Amino acid sequence: MEVVENHFSQGLKDGIPIGLGYLSVSFTFGMMAVSNGVPVEVAVLISLTNLTSAGQFSALSLMLESASLLELALSQFIINLRYALMSLSLTQKVDKHMKTYERALIAYGVTDEIFALASSTYERVGKWYMSGLILFPVFCWTMGTLLGGAFTTLMPESLRSALGIAIYGMFLAIIIPPAKKLKSVRKVLILAIALSCLFSACASFLPISSGFVIIICTVCAAGFGAWLFPVEEVSHE
């Protein structure tokens with residue numbers, strides 16, 4: 001018989017490290033948003049309804065550039081497509097008796113870290129465990145944005161500039177370890193960097209907005225990786 005972990009308190013406990021990690025990144029987002037003229041309450045609403053660091057930072061850049069809604073929607077679709085795949089994968093791990101609307105509500109809080117923990121720690125997870133697991137990270141992500149936005153005007157310019165690179169440090173921490181271990185990840189990463197540099201160098205005579213550059217680089221690099229390094233299927237006899 002399959003064991004289902006469905007204790008709210010256990011989910012809340014498991015989500016504490018994730019939430020604490022989210023504080024610093026969302027603080028940076030709140031700081032950057034408010035320093036660029038976005039009202040604090042709008043920045044908080046963005047964090048509360050999105051829960052995606054890469055998506056929010058790229059969306060902020062596009063909004064400041066007055067990009068079109070189509071460009072914004074397409075870039076967010078490409079950047080956050082992995083969450084849809086994670087949610088589909090997680091359906092194989094949640095309690096079989098969970099209703100459709102409950103699955104939809106849980107999908108709102110699926111992030112990289114929450115997915116990794118929920119899909120690998122227990123045999124199956126229930127709605128109350130997932131609610132506890134999601135609650136604290138969402139609170140920290142939103143609260144970090146509020147604190148970052150509120151304290152922006154109180155910080156000296158030098159400190160704001162230093163904190164502004166925190167998001168890039170986080171992205172490097174995500175991509176460097178797997179790139180060191182896997183040749184396939186290194187090649188895909190190098191291609192994405194090369195394409196981005198190419199578009200930047202050709203910006204004067206090839207005017208493509210940053211949103212579409214993100215879309216093109218992501219699709220080309222991911223397609224290249226899927227073509228040259230397909231995941232081998234494992235046959236179960």
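Keep in mind that the model is predicted.

Now pick out Leu 90 and look at its surroundings. If you set aside its neighbours within four places in sequence, Leu 90 is in contact with Val 110, Phe 115, Ala 118, Ser 119 and Met 130.

Next, find Ser 87, which sits in helix α4 (residues 69-90). Is Ser 87 buried or exposed? Its relative accessibility is 19%, and buried means under 20%, so Ser 87 counts as buried. Not counting residues up to four places away in sequence, Ser 87 touches Ala 107 and Val 110.

Which residues line the second largest pocket? They are Glu 102, Leu 105, Ile 106, Tyr 108, Lys 127, Ser 131, Ile 134, Leu 135 and Val 138. Two helices, α5 (100-108) and α7 (127-151), each supply at least two residues of this lining. Once again you meet α7, which gives the most to the lining of this pocket, with five residues. By type, the lining residues divide into six nonpolar, one polar and two charged.

What about the cysteines? The structure holds zero disulfides. Take Cys 217 as an example: the nearest cysteine sulfur belongs to Cys 220 and is 7.2 Å away. Cys 217 is buried, with a relative accessible area of 8%. Cys 140 is buried as well, and its relative accessible area is 2%.

Two loops deserve a visit next, each for the backbone angle called phi. In the loop between α2 and α3 you will find Leu 51. Phi of Leu 51 is near 55 degrees, which is a positive value in a residue other than glycine. Move on to the loop between α3 and α4, the place of Ser 66. Ser 66 is not a glycine either, yet it has a positive phi of about 60 degrees. How do their surroundings compare? Leu 51 counts as buried at 9% relative accessibility, whereas Ser 66 is exposed, with a relative accessible area of 64%.

Our last stop is helix α10 (residues 183-201), where Ser 200 is found. Ser 200 has 57% relative accessibility, and exposed means over 50%, so Ser 200 counts as exposed. To see how the chain runs here, trace it from Ser 200 to Val 213: the two are 13 residues apart in sequence, and their C-alpha atoms are 9.1 Å apart in space.

Methods. Residues are numbered from 1 along each chain as its sequence is written. This is a predicted model: local features need pLDDT of at least 70, side-chain atom pairs count only at pLDDT 80 or more; totals for chains, interfaces and linings use all residues. Side-chain values use heavy atoms; hydrogens and water are left out. On a 1 Å grid over the protein atoms alone, a cavity is a set of points where a 1.4 Å probe fits but cannot get out, and a pocket is an open set with protein on both sides within 12 Å along at least five of seven lines; lining residues have an atom within 4 Å of a point. Helices (H or I, at least four residues) and strands (E, at least two) are DSSP runs, numbered from the N terminus. Ala, Val, Leu, Ile, Met, Phe, Trp, Tyr, Cys and Pro count as nonpolar, Asp, Glu, Lys and Arg as charged, and the others, Gly among them, as polar. A disulfide is a pair of cysteine sulfur atoms within 2.5 Å. Buried means under 20% relative accessible area, exposed over 50%, partly exposed in between (1.4 Å probe, protein chains only). Contact means heavy atoms within 4.5 Å.
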